[in-house]
Amino acid sequence: EGAELPSYTAMALNARETDSAGAEAAPAAGNGDTAVSHLLRHALLVWLILPVLVIVCALYGPPPIAPTCEAGFGDATWLVIVLVEVHHLFSEIAAYAAVRSILTHPEAIIMRQFGILRLRSPKVLFGVLESLDFYTDLTFPFIARACGGDIDDTWIQSWQKVPLVGPMCATISGGLKFWGTSLMVVLLNVALTGVVGITGVILSSRQPAWRQQRAAATSPRGALARAGISGERFCLWAHAAEVAMMPSVATLCEAMAEQRKYAFDFSQDAKLATEARGNVLMAKIDSFTASTLQTYDREEEETVTVAEKWHFTLLLLNILVGNGLTLWLQSSFFSHAFNLLGAEAKAKICISMALSAATAAIRSCKATRKTGVRGCWLCGMIVFFLVWTGLKVHFAYKCPHHVWNLSTWSCVSSRGMV
C-alpha cells in the first residue's frame, strides 16, 4: 500500500496515458503565450499606470478628486477604478479561455470533478476585491498627507515608549513624516510585487514552453515521450496570474501544475512496478524500494514541486509586504488621526483594512499548505500583523487618546502624546 500512488496521481497518469489525441495540439503553446500577454497587460496597468495616476491626482488634481482628511479621495476617482475593473474582467475572460483551451479532454474532466472549474466565479469576485484593496492602499498615504502634520508629533512620540528600537524609529519617522513612511511602504509593495513580478514573468516567458519530461532524455524509449507544457510552466503562469490579480486563472494553473507533476517514466518496467506493489504487501521489500520501481517520473515531480514551493513562498512574501505592513500603518494612522478624520474617511479606511485582512487571510491559507515549515513561519508573521491591526483599531475606540502600544500592552497616556 505504501508504494501505491495517491488517487490524484493515478488519475493524472491515467489522463495523460489515455488521451486519444496522443499529443497536445500545436497551438497549445501559442494559447499559453496569449494568456501571458493578457496577464502582463493588466499587470502593467495595475502596477505601473494606476500608481502614477493616483500620484498625479493627489499632487496636482483639482479639488473634486484631490484627497481630504474628512472624506479621503474624491468619489470621481472611482470612475477610473470602474474602467480598470472592466479591463480586469476582459483580460480574465481572455486569459482563462486561453489556459482552458490547453487542457486535454481527460484533464478537463479531472478539473471538473475536483471542482476547479466551479471556483471560477467566486475567484473572479475575489480578484475584483483584491484590486479594490490595492487601490485603497495606493490612496492611503495621500489621505495621511492631506491631514497635515498634526499626527506626525504623536506618531513620533508614540515610538519613544517602544524599547530598544523606539528612539531609532522615532528619528527615522521624524525625517520621513507619517505620510512619507506610508508612501515608502506602498512603493516597496509596488516594486517587489509589481515590478519584480512583471520582470520575472517576462524573463520566464522567453524560455520554450514545450519540453520533454525529465526521464525521457535517459530512457531508451524516450522517443515515445511526447513533448508538452510541463507543470513547471503552469507554475510560472500561476505566478503571472497572481501578479495580475486574477486568482481564477492562478487556481486553474496551480491545479494543472499539480496534475502534470506526475508523468509516465518510460525508463521503468510496468511489470516490475506491479510486482513491487505485491511484494510490499507480502513484506518482501520496503515501501521506499517499491517506490523507486514505479512508473512515474520522480525527477519531473521534484522539479514541479520546487516550482510550486517557490511560487507559493513568493505569494506569502508579497502578502506580508503588501498587506501586513500596510495594515499596520493604516491602523496606526486610524488611531493617531482619530479626532481629525471625518466619518466618511474613517469608513473608507476601515473598509480598506477589512479588505486587506480578508484577502491576506484567504491567500495565506492557500499558500501555507504548499510551503511546509517555511510557509508556516511566514504565515505566522502575517497573522501577527492581522491581530495587531485588529487590536489597534479596537483600542482606538476604547483608549482615551485613541492610541494603544503593543510593547507596553496599554493605552498611550496624555503625556506620551505631547
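Biologist: How many disulfides does a search of the whole structure find?

Modeller: The search finds one disulfide. Keep in mind that this is a predicted model, where local features need pLDDT of at least 70, side-chain atom pairs count only at pLDDT 80 or more, and totals for chains, interfaces and linings use all residues. Residues are numbered from 1 along each chain as its sequence is written, and side-chain values use heavy atoms, leaving out hydrogens and water.

Biologist: What makes Cys-399 and Cys-411 a disulfide?

Modeller: Their S to S distance is 2.0 Å, and a disulfide is a pair of cysteine sulfur atoms within 2.5 Å, so the pair qualifies. Such a link is a covalent bond between the sulfur atoms of two cysteines.

Biologist: Why is this disulfide called left-handed?

Modeller: The torsion about the S-S bond of Cys-399 and Cys-411 is about -75°, so the disulfide is left-handed. Cys-399 sits in the loop between helix H13 (343-398) and strand E3 (404-405), and Cys-411 lies in strand E4 (residues 410-411), 12 residues apart. Helices (H or I, at least four residues) and strands (E, at least two) are DSSP runs, numbered from the N terminus.

Biologist: Why are H7 and H8 called roughly antiparallel?

Modeller: The axes of H7 (residues 166-205) and H8 (residues 231-243) cross at roughly 150° and come within 10 Å. Axes are lines fitted to C-alpha atoms, for helices over the stretch in contact, and angles run from 0 to 180 degrees between N-to-C directions. Angles under 35 degrees count as roughly parallel, over 145 as roughly antiparallel, 65 to 115 as roughly perpendicular and the rest as oblique. H7 and H8 are therefore roughly antiparallel.

Biologist: What is the handedness of the crossing where H7 passes H8?

Modeller: That crossing is left-handed (the near helix is turned anticlockwise from the far one by less than a right angle; clockwise would be right-handed). Residues that meet there include Ile-198 and Val-201 in H7 and Leu-236 and Ala-240 in H8, where contact means heavy atoms within 4.5 Å. This contact has five nonpolar, six polar and one charged residues. Ala, Val, Leu, Ile, Met, Phe, Trp, Tyr, Cys and Pro count as nonpolar, Asp, Glu, Lys and Arg as charged, and the others, Gly among them, as polar.

Biologist: How do H6 and H12 lie relative to each other, and how do you know?

Modeller: H6 (residues 150-160) and H12 (residues 298-336) pack at about 115°, with axes 10 Å apart, and are therefore roughly perpendicular. Their crossing is right-handed. Among the contact residues are Trp-155 of H6 and Phe-333 of H12.

Biologist: Where in the chain is confidence lowest, and where highest?

Modeller: It is lowest in helix H1 (residues 7-17), at a mean of 45, and highest in helix H3 (residues 78-100), at 93; pLDDT is the predictor's confidence in each residue, from 0 to 100. For the chain, the mean is 81, with 83% of residues at 70 or more.
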